[in-house]
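Q: I would like to learn how to read a few features of a model with care. Could we begin with what the words for accessibility stand for, and then go through some cases?

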Amino acid sequence: MMVNEARALAELLPATVVGAHRGNPDFRVGGRVLATLWTEEERLVLRLNPEDQARFCDAEPDLFMPLDGAWGRRGWTNLDLMVCDEEILRAALLAAWRTTAPPDLVTAYEGRLA
């Protein structure tokens, strides 16, 4: 179970603040949502760019799945936290942060985030 870990790791990302979406915590950078934590379902919905979405879904099809319809085509991707390990969770959150954060913020932290 990675719900608590997902929340803690998301809160560590630079300039990320916690908000709420439909009663669930979400994580925002630059005023835009990078991820929403669906605690009851033990899943994280991430905003990924098309390349990262394809890479994660191809590499770990049991963990990652695009949302249905237009949301999925725009990069929104489910991550099943019940069977996810911390390394994959970290990589996915960082990819979502890089996709969502303002470019100058990404540049300021490039090389310091792994």
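A: Buried means under 20% relative accessible area, exposed means over 50%, and partly exposed is what lies in between, with a 1.4 Å probe and protein chains only. Ala 15, at 51% relative accessibility, therefore counts as exposed. This is a predicted model, in which local features need pLDDT of at least 70 and side-chain atom pairs count only at pLDDT 80 or more, while totals for chains, interfaces and linings use all residues. Residues are numbered from 1 along each chain as its sequence is written, and side-chain values use heavy atoms, with hydrogens and water left out.

Q: Where does Ala 15 lie, and which residues does Ala 15 touch?
A: Helices (H or I, at least four residues) and strands (E, at least two) are DSSP runs numbered from the N terminus, and Ala 15 lies in the loop between α1 and β1. Contact means heavy atoms within 4.5 Å; not counting residues up to four places away in sequence, Ala 15 touches Arg 28, Val 29 and Leu 105.

Q: Which residues of helix α1 are buried?
A: In α1, which covers residues 3-12, the buried residues are Val 3, Ala 6, Leu 9 and Ala 10. Seen down the axis of α1, these buried residues fall within an arc of 130°, so they line one face of the helix; the arc is that of the directions from the helix axis to the C-beta atoms. The face turned away from the buried side of α1 carries the exposed residues Asn 4 and Leu 12.

Q: What covers the buried residues of α1?
A: The cover includes the strands β1 (16-21), β2 (24-29) and β3 (32-38), together with α4 (86-100).

Q: How do the axes of α1 and α4 cross?
A: Axes are lines fitted to C-alpha atoms, for helices over the stretch in contact, and angles run from 0 to 180 degrees between N-to-C directions. The axes of α1 and α4 come within 10 Å and cross at roughly 40°. Angles under 35 degrees count as roughly parallel, over 145 as roughly antiparallel, 65 to 115 as roughly perpendicular and the rest as oblique, and α1 and α4 are therefore oblique to each other.

Q: Which residues of α1 and α4 meet?
A: Glu 5, Ala 6, Leu 9 and Ala 10 in α1 meet Glu 86, Leu 89, Arg 90 and Leu 93 in α4.

Q: Is Asp 52 buried or exposed?
A: Asp 52, which lies in helix α2 (residues 50-59), counts as buried because its relative accessibility is 14%. Leaving aside neighbours within four places in sequence, Asp 52 is in contact with Ala 95 and Thr 99.
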